[in-house]
Amino acid sequence: MSDPTPEPRGRLSGLAAGLRDFYSGPYRRTFARAQQDEDDLFMVIVMAEALGVPNPASYYTVELLPAVYEQFHAWHRRMGLDRSPLDTFSCC
Amino acid sequence: MNSLLLAVIGVGMILAGYFLYSKFLASKIYALDDSRPTPAHTMEDGVDYVPTNKYVLWGHHFTSVAGAAPIVGPAIAVIWGWLPAFLWVTLGTVFFAGMHDMGALWASVRNRGQSIGALSGRYIGKHGRNLFLVVIFLLLLMVNAAFAVVIANLLIGTPTAVIPTWGALVVAFLVGQAIYRLKWSLPTVSVVGVVALYALILVGNSAPLALPETVWGLPDKAVWIILLFVYAGIASMLPVWMLLQPRDYINGLQLFIALGILYGSVLLARPEVVAPAYNQNVPDGTPGIVPLLFVTIACGAISGFHGMVSSGTSSKQLNKESDARFVGYFGAVGEGLLALGAIIATTAGFRTLADWENVYQAFNDGGVNAFVQGGGTIIEAGLGLPQSLSATIMATTAILFAATTMDTGVRLQRFVVQEIGDVIGVTVRKNLATFIAVAVALALTFGAGVDGSGGLLIWPLFGTTNQLMAGLTLAILAIMLIRRKRNPLPALIPLVFVGVVTIYALFIQLGTFYEQGNWLLLVLDVIILVASIWVIVEAFGAMKAARSYTGDDDAELLAEATYEAEDARE
């Protein structure tokens, strides 16, 4: 989850920015990890059909393939696969 | 002695340490160099490694290291009189804690932001690393057990703090919702949150709550302790944004407000210190001042826990090397000021010597309740708030410190349990790991009886473990300085001192636990004793090897860092 607080304006903006850092700093890592977990789950759902898992929603998810293509390389590396597991996805 | 004079001398000594000694350390010992890029820049990833404004980073660092320990330790230790505690806190902050905290930052920054655990593997050997895991497990265990007892004592001693304590959870929960779901701006939420917290203190003050003396055959203290662990277990499993993050934040703001209130009241009220400078009339059964003073006040003088925070998170966010002086050394200064405030509250906050002696009837009797009572009196005299309201503010402050440390402690202990599971090849699920973390801490708390006295009995043992960790960090610093052919004495002298008092204290406690037939604590003591002697032998071996080291450690580290950075880019 990224920091949702809006950009501060006006004279107190420096203080507000400092407060925001003070609020979110200690938990940056936790949020980044949570985001990564969610992204991974999303990736698995979108890629299910391509990975050989029957997916009743593939009619919809196929449209999302371009959206996850950018992160595919990072994902398969994170999953412990040095090379892309799909012939159709030759990212490396 | 007037408390204002005591505060002025103490603050003056600590600030002089910051302006003079830390400057010497920065230029001559650590040779902080802004032309060397810090890991926050070379390894910036927007997650762990983020260059951060030094004031913000100081805020993080200070609120992470300041828990209940700098209050509990001095509040117990003034039983020997105010002077020994005062000297150990001021001199300890200047020559021990500041040097140690700033050094841990420096050592970690030069080593790609690695933690003390990893550094001990590098400089002391792989046994050093294993030892680190053992010590960290025990340290977390003791923090969880001791803080639960501290909070339970406060809830019973100050029933007016019950509503603000549990109400603070609701406030934190709502703050989380306001920020993430309702998208309120942070400054607004901060003001509303702090106002709500103080409103709860007012409500609690007019509506004290207490448990019946026995519930289901258990004494009220035991019930509070169990409830606290149930809370900590649940809190440690909830998503952090829901409770822990807003709670830590509100608590951080409250820390600054409470310190301001306490010192402001001392300035306005200037109460006399009624406790003796050196107490020769200590109650029966009080252990000897040497070495117990030096392990009873751990945080506030020197604390290994600070090294973990410095090298764990702060070092990865340091914008430039010279910031280490402000973040590390001034972080220790903040902690020293908190400990000094605790000494003043527990020695000047009583009307007569007899009142004070009445509270300090036995070792461990004084503690945080004396801080609440004494601090309450000072605030009443300074700001004119009614005594009970002032006491409620102090109690809520102390409880919030202890509780945030405790729920984070349970969370960290869960990770440690899972890690140990990984090492022996067993996957431990989140729920089971949390259950184990809570169960071992409960076993320790109730190990000495159903009243939960085991928790506070281990307080000096917590001190020794914490000092042992500090010794480990100081040993690494000494080795790094010897390798660089710089003067290692600023690290070696504290190291020898801390090592001697820790081992001495462990031997004394060994005798006490044996006499009491307290086998659980006896076993823990033996483990820590073996670990301390082990680390000392290894560290001195490593120092001897470092003397014949002819390479350029800094150049090697830089080359390694460049290589790793290139590797990561590929």
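## Chain A

Of the 92 residues in chain A, 30% are buried. Buried means under 20% relative accessible area, exposed means over 50%, and partly exposed lies in between (1.4 Å probe, protein chains only). This is a predicted model, where local features need pLDDT of at least 70 and side-chain atom pairs count only at pLDDT 80 or more, while totals for chains, interfaces and linings use all residues. Residues are numbered from 1 along each chain as its sequence is written, chains are lettered from A and ligands numbered from 1 in the order in which they are written, and side-chain values use heavy atoms, with hydrogens and water left out.

Chain A has four helices and zero strands. Its elements run α-α-α-α from the N terminus. Helices (H or I, at least four residues) and strands (E, at least two) are DSSP runs, numbered from the N terminus. Take the contacts in chain A with a separation of 6 or more: 34% of them join residues 24 or more positions apart. Contact means heavy atoms within 4.5 Å. The accessible surface of chain A is about 6400 Å², and carbon and sulfur atoms hold 56% of it. Such areas come from the Shrake-Rupley method with a 1.4 Å probe; for residues, only the protein chains shown count as cover.

## Where the chains meet

The size of an interface is often given as the accessible area lost when the parts come together. Here, chain A and chain B bury about 2200 Å² between them. Carbon and sulfur atoms carry 73% of that area. Buried area is the accessible area (1.4 Å probe) that two parts lose on being put together, summed over both.

Chain A brings 21 residues to the contact, and chain B brings 30 residues. Which three residues supply more of the area that chain A buries against chain B than any other three? They are Phe22(A), Tyr23(A) and Tyr27(A), with 36%.

## Two helix pairs in chain B

Helix 20 (residues 459-483) and helix 22 (residues 519-547) of chain B pack at about 5°, with axes 10 Å apart. Axes are lines fitted to C-alpha atoms, for helices over the stretch in contact, and angles run from 0 to 180 degrees between N-to-C directions. The two helices are therefore roughly parallel. Angles under 35 degrees count as roughly parallel, over 145 as roughly antiparallel, 65 to 115 as roughly perpendicular and the rest as oblique. The residues of the contact between helix 20 and helix 22 of chain B divide into 16 nonpolar, two polar and three charged. Ala, Val, Leu, Ile, Met, Phe, Trp, Tyr, Cys and Pro count as nonpolar; Asp, Glu, Lys and Arg count as charged; the others, Gly among them, count as polar.

Helix 3 (residues 54-65) and helix 11 (residues 244-269) of chain B make another pair. Their axes come within 10 Å and cross at roughly 85°. That makes helix 3 of chain B roughly perpendicular to helix 11 of chain B. Helix 3 of chain B contributes Trp58(B), Phe62(B) and Thr63(B). Helix 11 of chain B contributes Gly252(B), Leu255(B), Phe256(B) and Leu259(B). By class, this contact has five nonpolar, two polar and no charged residues.

Val194(B) sits in helix 9 (residues 186-206) of chain B. With 16% relative accessibility, Val194(B) counts as buried. Not counting residues up to four places away in sequence, Val194(B) touches Ile250(B), Leu253(B) and Ile257(B).

Asp554(B) belongs to helix 23 (residues 553-569) of chain B. Is Asp554(B) buried or exposed? Asp554(B) counts as buried, at 12% relative accessibility. Leaving aside neighbours within four places in sequence, Asp554(B) is in contact with Arg36(B), Arg110(B), Arg484(B) and Arg486(B). Gly471(B) lies in helix 20 of chain B. Gly471(B) is also buried, with a relative accessible area of 12%.

## Backbone exceptions

Most residues other than glycine have a negative phi, and most peptide bonds are trans. Ala31(B) has a positive phi, near 50°. Ala31(B) is in the loop between helix 1 (3-29) and helix 2 (39-42) of chain B. At 25% relative accessibility, Ala31(B) counts as partly exposed.

Lys183(B) has a positive phi too, near 60°. Its place is the loop between helix 8 (162-180) and helix 9 of chain B. Lys183(B) counts as partly exposed, at 47% relative accessibility. A cis peptide bond joins Val290(B) and Pro291(B), with omega about 10°. Pro291(B) is in helix 12 (residues 289-296) of chain B.
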